[in-house]
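Here's a quick briefing to read alongside the model. Keep the structure open and click through the residues as you go.

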Amino acid sequence: MTSDGNPPRNWDQTHAIKAGASWRWRDWDFGLAGEWHSGWPLTTLAGSFVGAPGSGQSLALDVSERNALNYSSFHTLDARISRNFELPRGDLTAYLEITNIYNRANPCCIEYSIGADGLLIARQSHWLPIMSSLGVVWRF
């Protein structure tokens with residue numbers, strides 16, 4: 001609960017830190033960016049059968065108090081290296097970016113489905129794994 005007695009909002013981040021550093025050497029640029037925040041609020045579901053077996057049981061969903069729980073903390077580190085080339089007409093920048101360098105499985109969402117046996121299945125999803133991108137930008 002927040003200080004006013006209400007549950008935290010879906011996007012609440014009680015604590016958050018972001019930091020970055022960059023360095024330029026001749027035609028090269030190097031950069032790092034890091035982020036950490038406490039886990040976002042979470043509402044969960046639980047399923048149970050109601051009714052006598054063989055008499056048309058149905059699945060009842062129990063919902064936790066809204067935003068009563070939290071995902072675990074989120075953190076990531078990203079890097080970029082780029083090189084600038086002067087051209088007769090404009091300039092060209094080639095770069096390599098790596099997101100989530102240490103491949104942390106940051107929790108994102110819970111997806112629910114109903115299995116073949118009729119039970120509720122909860123599956124934790126995650127933000128993007130380590131990813132790289134290579135590109136060029138031509139300014140003229």
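This is a predicted model: local features need pLDDT of at least 70, side-chain atom pairs count only at pLDDT 80 or more; totals for chains, interfaces and linings use all residues.

Residues are numbered from 1 along each chain as its sequence is written, and side-chain values use heavy atoms, with hydrogens and water left out.

**Aromatic rings**

- Rings of Phe, Tyr and Trp (its six-membered ring) pair if their centres lie within 6.5 Å; planes under 30 degrees apart count as stacked, over 60 as edge-to-face and the rest as tilted.
- Trp23 counts as exposed at 51% relative accessibility, while Phe30 is partly exposed at 28%. Here buried means under 20% relative accessible area, exposed over 50%, and partly exposed in between (1.4 Å probe, protein chains only).
- Trp40 and Trp127 go edge-to-face, because their planes are at 65° with the ring centres 5.8 Å apart.
- That pair links distant parts of the chain, 87 residues apart: Trp40 is in the loop between β2 (28-37) and β3 (41-42), and Trp127 is in the loop between β10 (120-126) and β11. For the labels, helices (H or I, at least four residues) and strands (E, at least two) are DSSP runs, numbered from the N terminus.
- Both partners are partly exposed, with Trp40 at 21% relative accessible area and Trp127 at 39%.
- Trp23, Trp28 and Phe30 make up one aromatic cluster.
- Over the ring of Tyr95 you'll find the charged end of Arg80, 4.4 Å from the ring centre. A charge sits over a ring if NZ of Lys or CZ of Arg is within 6 Å of the ring centre and within 35 degrees of the ring normal.

**Salt bridges**

- A salt bridge is a side-chain nitrogen of Lys or Arg within 4 Å of a carboxyl oxygen of Asp or Glu.
- Arg24 pairs with Asp29 in a salt bridge, and their closest N and O atoms are 2.7 Å apart. Arg24 is exposed at 61% relative accessible area, whereas Asp29 is partly exposed at 24%.
- Arg83 forms a salt bridge with Asp27, with 3.7 Å between the closest N and O atoms. This one links distant parts of the chain, 56 residues apart, with Arg83 in strand β7 (residues 74-86) and Asp27 in the loop between β1 and β2.
- Arg83 is partly exposed at 23% relative accessible area, and Asp27 is partly exposed at 36%.
- Glu111 and Arg123 form another salt bridge, their closest N and O atoms being 2.5 Å apart. Glu111 lies in strand β9 (residues 107-114) and Arg123 in strand β10, so the bridge ties together parts 12 residues apart in sequence.

- Asp91 is in strand β8 (residues 91-99) and is buried, with a relative accessible area of 19%.
- Leaving aside neighbours within four places in sequence, Asp91 is in contact (heavy atoms within 4.5 Å) with Asn84, Phe85, Glu86, Val137, Trp138 and Arg139.
- Trp138 belongs to strand β11 (residues 131-139) and is partly exposed at 47% relative accessibility.
- Phe85, Leu87, Trp138 and Phe140 form a nonpolar surface patch, with about 440 Å² of accessible area together. Patches are made of residues with over 30% relative accessible area and no salt bridge, where like charges are joined within 9 Å and nonpolar side chains (Val, Leu, Ile, Met, Phe, Trp, Tyr) within 5 Å. Accessible areas come from the Shrake-Rupley method with a 1.4 Å probe, and for residues, only the protein chains shown count as cover.

**Positive phi**

- Arg26, in the loop between β1 (16-25) and β2, has a phi near 55°, a positive value in a residue other than glycine. Arg26 is exposed, at 69% relative accessible area.
- Asn67 has a positive phi near 55° and is not a glycine either. Asn67 sits in the loop between β5 (58-63) and β6 (69-70) and is buried, at 5% relative accessible area.
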